[in-house]
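Let's take a walk through this structure together. Have a look at it first, and then we'll go through a few of its parts.

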Amino acid sequence: MSATTIPFSTQVTVSLGERGYPIVIQPGLLGEVGARLKGLGAKGKVGLVTDRTVARLYAPEVMAALRRAGYRVHLITVPSGERAKTLAWMGKVLDILVKERFERSSFLVALGGGVVGDLTGFAASVYLRGVPFVQVPTTVIAQVDSSVGGKTGVNHRLGKNLIGAFYQPRAVLIDPVTLQTLPVREITAGLAEVIKYGVIADPDFFQYLEQHISAVLKLDREATAAVIRRSCEIKAAVVGADEREGDRRRILNYGHTIGHALEALGAYRSLIHGEAVAIGMVAEASLAVHLGYCQPDVVQRIRTLAQAAGLPYRLPRVSMEKMWTAMQHDKKVVQGTVYGVWPVRIGEVRIAPVQRDEFRQWFARVRKE
Ligand code: NAD
Ligand code: MG
């Protein structure tokens with residue numbers, strides 16, 4: 001029996017009243033996408049949106065599953081990577097939906113990483129003022145983060161994720177087996193968000209990661225399913241308590257204030273998102289010690305786990321002024337005040353402002369170390 005046919009299924013629920021939905025985590029689930037859509041009441045036509053890389057790897061299996069369940073499938077393929085997350089590519093997706101006369105009840109299926117999920121969700125939110133869609137995420141980032149929570153959208157030439165909508169999927173169908181083809185660097189980067197969940201919400205999960213990180217990196221079946229499940233539970237709980245980014249949802253931004261600043265500073269284009277978040281988490285924990293919110297052992301544990309996961313954790317050479325300026329551009333900045341998410345201990349964070357002077361003092365101190 002191949003790995004993909006061993007039954008092992010677990011489910012998490014996103015509780016948002018009538019917009020609530022299940023997250024199903026199950027090796028081999030790609031082969032059941034058709035049956036799952038039946039269960040959701042989908043009829044007639046299905047638009048399968050994916051990118052070129054994922055199309056080559058997984059579209060045949062998903063198309064076959066959809067056809068077995070009696071659906072007519074239109075495959076819609078966009079380029080791989082961030083360059084497809086534009087209004088122009090969304091326009092092309094919409095063109096096909098119009099030409100093929102997709103109806104209000106027609107489902108879209110987003111098969112791929114966060115780019116495909118964000119783009120497809122946004123297209124689903126506007127076509128005929130909203131058609132149902134299902135997420136079938138195939139990257140770590142998408143399986144533990146972007147497919148859950150209903151943030152959809154595209155980039156603008158002048159900034160990431162500036163155009164979008166809150167629009168929840170009808171279900172998230174996660175097949176962890178798809179991660180086997182993902183480049184190691186992408187797996188590792190995705191683990192930064194996983195470590196983040198431990199820091200912001202669950203000391204036991206953080207400890208589990210400390211003990212099992214090498215199994216997770218090898219995509220061991222049990223460890224992978226456990227990590228995806230707990231990550232989805234934490235994100236679902238945060239989103240369930242705060243669908244549209246009030247204070248509660250902001251805790252998900254831990255590691256991202258400095259992480260985004262590093263990404264924004266042109267010189268560090270070499271960092272991918274999760275890597276920048278890893279450096280951001282360690283730096284923000286260290287800043288939290290400076291601000292008197294937590295003890296140094298918290299920084300030590302986060303740094304050690306990031307290192308064990310193969311993530312970078314040292315602040316690159318960058319000027320204090322440039323960093324501070326880049327931090328001002330964070331979406332979560334309110335009227336010029338930078339709000340950070342600070343660990344109090346592993347498993348608990350608080351949100352509080354940081355002043356330029358405090359940042360400068362901390363920066364000078366870590367530069368000397
Ligand atoms: P991605 O979708 O670009 O995927 C990364 C690369 O992996 C792509 O080249 C893709 O073709 C390839 N790929 C995907 N699945 C594969 C597989 N199973 N095997 C081999 N290759 C595969 O990027 P991502 O890292 O998945 O997501 C990043 C995007 O998600 C960003 O645009 C970010 O803004 C967004 N995001 C959104 C949210 C949200 O809440 N909506 C949260 C986090 C990130
Ligand atoms: Mg992130």
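This is a predicted model: local features need pLDDT of at least 70, side-chain atom pairs count only at pLDDT 80 or more; totals for chains, interfaces and linings use all residues.

Now for the inside. In soluble globular proteins, nonpolar side chains tend to be buried together. Here the largest nonpolar core has 110 residues, and the members that touch the most others are Val62, Val109 and Leu111. Take Val109: leaving aside residues up to four places away in sequence, Val109 touches Val33, Val46, Leu48, Val49, Val134 and Val136.

Next, find ligand 1. It has 27 residues around it, and Thr53, Gly113, Gly114, Thr139 and Ser146 come nearest. Helices α2 (52–68), α4 (114–126) and α5 (140–146) are the elements that each give two or more residues to this shell. Sorted by class, the shell holds 13 polar residues, along with seven nonpolar and seven charged ones.

Arg129 isn't a glycine, yet its phi is positive, near 60 degrees. You'll find Arg129 in the loop between α4 and β6 (133–137), and it counts as exposed because it has 7 C-beta neighbours inside 10 Å. Asn161, also not a glycine, has a positive phi of about 55 degrees. Asn161 lies in strand β8 (residues 159–166) and, with 14 other C-beta atoms within 10 Å, is partly exposed.

Note on methods:
Residues are numbered from 1 along each chain as its sequence is written. Chains are lettered from A and ligands numbered from 1 in the order in which they are written. A nonpolar core is a set of buried Ala, Val, Leu, Ile, Met, Phe, Trp, Tyr and Cys residues joined through C-beta atoms within 7 Å. A residue is buried if 20 or more other C-beta atoms lie within 10 Å of its own, exposed if 12 or fewer, and partly exposed in between; C-beta atoms are placed from the backbone. Two residues are in contact if their C-beta atoms, placed from the backbone, lie within 7 Å. A residue is near a molecule or strand if its C-beta atom, placed from the backbone, lies within 6 Å of it. Helices (H or I, at least four residues) and strands (E, at least two) are DSSP runs, numbered from the N terminus. Ala, Val, Leu, Ile, Met, Phe, Trp, Tyr, Cys and Pro count as nonpolar, Asp, Glu, Lys and Arg as charged, and the others, Gly among them, as polar.
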